[in-house]
Amino acid sequence: MRFPSFLRRSGSIGDRFRHVGILVLGLLVLAILVHAESVLTTSGAFEKSMRYDIAMSGLNGRVDAITARERLSRYAASGKVEDAEEAWLFYNILASRVDTWSSGAFGAFVAAAPSRKDALDHLDGLVQGIESDYAALPDKAALTRIDTVLAEAVRVIDRIGGEALMSNLVEAQEIRQALFQRQRLQNVLVELLIAFGAILLVFMSMQARSLKRARSSAETAAREFEFAARHDPLTKLPNRLAFHDALEAALGEDPAGRRGRLTVLALDLDGFKAVNDILGHASGDDLLRSVAERLRRIVAAWGGGALVSRLGGDEFTVLVGVTDGEREAQARARQLIEGLHEAHALSGGNVVVNATIGVALVREGESGSSLLQNADLALSHAKATGKGRVQLYNGSMRADATRRRLIEDGIEGALENGDIAAHYQPQVDMETGRIVGLEALARWRHSQLGWIAPSEFIPIAEASGHIIDIGERILQTACRDAVALPLDVPVAVNLSVAQLARDDLVDTVAAVLKRSRLPASRLKLEVTESVVMKDTTRAIATLSRLKALGVAISLDDFGTGYSALSYLRSFDWDELKIDRSFVQSLESDRHSLSIVTSILELAGRLDIAVTVEGVETRQQVDLLTEAGCRIAQGFLFGAPMPVGDLPALMLRGFASREAATAVVRPASPLSPVRGAV
């Protein structure tokens with residue numbers, strides 16, 4: 001063995017081995033330090049390779065944009081409120097995604113290149129620019145603009161995401177190279193450490209512990225990912241997927257219901273939107289977390305594997321088994337309502353909320369999705385008939401839902417086939433019996449359901465967006481029919497909220513008048529106070545432009561709104577129509593006659609014509625005439641009738657008040673409910 005020169009110069013063998021030991025110890029320490037640094041670097045590279053990278057952000061952004069576009073297409077096809085809410089939800093998800101791209105690792109990646117920064121700014125402008133178009137839905141132009149912008153957003157996201165992917169590929173290659181180099185160095189060091197025996201075993205033990213920590217971290221991350229996939233991120237409750245799995249599992253384990261009849265409670269908060277609007281979304285989130293904790297605590301006390309979940313928004317579901325059938329299920333639901341009604345302490349203040357619950361108990365052979373749908377139907381029925389209550393599901397609700405879908409799906413075809421048509425109710429001068437006007441009302445004879453009352457199909461048309469098509473069809477038909485009638489009587493057409501909100505309403509009315517050649521002075525457009533209240537400033541501006549065309553504007557159902565007198569001051573109305581509710585109680589309630597008389601006096605001073613609706617008896621005619629009213633409509637003078645029945649009635653006229661009250665109503669398949677269009 002040849003020793004270094006400085007060792008050869010030592011005085012004794014002991015000194016030589018001592019120096020060798022020091023050298024070996026130094027080499028060992030150096031090897032340990034180098035190996036430790038290599039382990040740390042490798043661990044860092046490993047953790048870096050396992051991170052949620054920017055390419056995944058780009059991919060998620062593309063998924064969000066495509067989903068937003070798909071939900072918009074679904075809404076455009078169905079027109080349903082649920083689809084509109086989902087379209088709006090996924091738009092907000094996309095907007096949030098684009099907003100987060102300006103920060104964090106992805107923000108640094110974008111800021112590294114001016115072209116990417118410009119592309120992201122362009123994308124943000126596109127997404128923010130269509131927010132107002134969502135508010136204008138179901139406007140077709142808005143739908144087109146939103147779809148075009150979302151398509152462009154996908155293109156821009158693809159560009160940024162592609163660059164992000166390439167960046168990640170380069171980074172991954174660098175990581176692999178670093179790992180390779182470090183691994184090679186580690187192999188050399190391990191071979192050296194093996195020679196040192198016990199020291200190597202100690203080092204391997206340390207390395208084993210490091211790997212164990214890495215494995216534990218990976219397992220923890222996997223559990224977190226699994227939890228996130230099956231739980232709501234805000235409330236930490238099981239989400240829709242987890243609830244469906246639990247429901248199907250419960251049905252599979254006990255199909256005969258021996259452990260207790262399986263029950264689903266579908267819960268919706270009353271007034272949650274108001275909390276968001278008034279206190280802000282942060283308070284809304286606080287409220288949802290508080291509600292979730294209350295529900296979790298109440299349901300946990302029930303035991304028996306009861307489960308509470310959040311499906312989305314302010315919708316929660318509870319799965320529970322009951323032994324006492326409907327009575328116990330209702331008691332459980334009321335317990336939830338009472339528990340949630342206690343004040344919730346939020347950042348914006350204390351809030352008290354009510355809840356509405358739909359209850360469905362499993363029936364033999366029923367699937368989980370059907371059971372949940374039954375609970376949703378019961379919830380919808382409860383919300384339609386009065387919030388803050390518990391509603392048990394019954395078979396008629398599904399029949400009602402089926403009928404509603406049949407009506408909604410049939411509106412478009414009914415318009416094409418002429419099944420939805422204009423019927424006309426005469427407006428009569430009660431002193432002379434002469435017909436002085438007509439009101440056009442929508443009537444529908446369904447090929448399967450027969451006559452459908454307007455009080456049923458008009459709300460469905462409003463919810464689905466078809467009310468605009470119906471309104472335009474009735475307007476076109478009324479103007480065309482009025483030109484062909486033997487007397488120059490004006491025709492009145494109702495305007496819906498959706499029509500009055502459209503920017504092209506004035507142009508549409510002008511075009512219809514031009515095509516039909518009906519003088520504008522013979523067209524009267526009627527709006528209710530509730531229509532004007534939706535956006536008073538915009539509504540008054542639109543009505544002023546319509547009035548400038550020469551058409552008359554009538555305020556319908558006068559006296560039933562919240563601020564009727566303020567509307568008289570803000571617009572020059574041509575006519576007030578006194579609501580039928582006052583007329584129906586004329587003979588039994590002296591206050592109704594006083595109100596009618598006051599309206600007549602007020603209208604007279606403001607030089608506004610008055611028409612009374614809902615006249616059905618001779619005594620009502622006498623009271624109204626004595627009060628100073630002349631123009632009326634109602635079933636006493638004629639039910640809404642097809643245009644073909646009008647000429648004979650109009651030519652015959654009414655020779656006197658006695659003749660007027662002796663008119664026989666035309667046969668009508670509908671109950672005496674006036675249409676909204």
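This is a short talk on one predicted model of a protein chain, going from overall confidence to single residues.

First, the ground rules. Residues are numbered from 1 along each chain as its sequence is written, and side-chain values use heavy atoms, with hydrogens and water left out. Because the model is predicted, local features need pLDDT of at least 70 and side-chain atom pairs count only at pLDDT 80 or more, while totals for chains, interfaces and linings use all residues.

Let me start with confidence. pLDDT is the predictor's confidence in each residue, from 0 to 100. Its mean over the protein chain is 80, and 82% of the residues reach 70 or more. I will also speak of helices (H or I, at least four residues) and strands (E, at least two), which are DSSP runs numbered from the N terminus. Confidence is lowest in helix H1, residues 5–8, with a mean of 42, and highest in strand E11, residues 491–494, at 96. Residues 1–14 have pLDDT below 50, and this stretch has ten contacts in the model beyond near neighbours in sequence. A contact means heavy atoms within 4.5 Å. Residues 654–677 also stay under 50, and there the model has 69 contacts beyond four places in sequence. Where pLDDT is low, the predicted coordinates should not be read in detail.

Now the chain as a whole. It has 27 helices and 16 strands. Of its 677 residues, 43% are buried. Buried means under 20% relative accessible area, exposed means over 50%, and partly exposed is in between, using a 1.4 Å probe and protein chains only. Among contacts with a separation of 6 or more, 70% are between residues 24 or more positions apart. The accessible surface, from the Shrake-Rupley method with a 1.4 Å probe, is about 34,200 Å², and 55% of that belongs to carbon and sulfur atoms.

Next, helix H11, residues 272–279. Which residues of H11 are buried? They are Phe-272, Val-275 and Asn-276. These cover an arc of only 95° around the axis, which puts them on the same side of H11. The arc is that of the directions from the helix axis to the C-beta atoms. An α-helix has 3.6 residues a turn, so residues three or four places apart point the same way. Lys-273, Asp-277 and Ile-278, on the other side of H11, are exposed. What do the buried residues of H11 pack against? They pack against strand E1 (261–270), helix H12 (281–302), strand E4 (344–346) and strand E5 (349–351). Just after H11 comes Gly-280, with a positive phi of about 100°.

On to salt bridges. A salt bridge here is a side-chain nitrogen of Lys or Arg within 4 Å of a carboxyl oxygen of Asp or Glu. The structure holds 28 of them.

In one, Arg-310 pairs with Asp-232, and the closest N and O atoms are 2.9 Å apart. Arg-310 is in strand E2 (residues 307–312) and Asp-232 is in the loop between helix H9 (198–230) and helix H10 (240–253), so the pair ties together parts 78 residues apart in sequence. Arg-310 counts as buried, at 10% relative accessibility, and Asp-232 is buried at 10% as well.

In another, Arg-630 pairs with Asp-429, the closest N and O atoms being 2.5 Å apart. Arg-630 sits in the loop between helix H25 (618–627) and strand E16 (631–633), and Asp-429 in strand E8 (residues 420–429), so this pair ties together parts 201 residues apart in sequence. Buried or partly exposed? Arg-630 is partly exposed at 39%, whereas Asp-429 is buried at 5%.

Glu-526 is in strand E12 (residues 523–528) and Lys-577 in strand E14 (residues 575–578), 51 residues apart. Both residues are buried.

Leaving out residues up to four places away in sequence, Ala-355 touches several residues, including Leu-267, Leu-269, Ile-337 and Gly-388. From Ala-355 to Val-390 is 35 residues in sequence and 8.9 Å in space, C-alpha to C-alpha.
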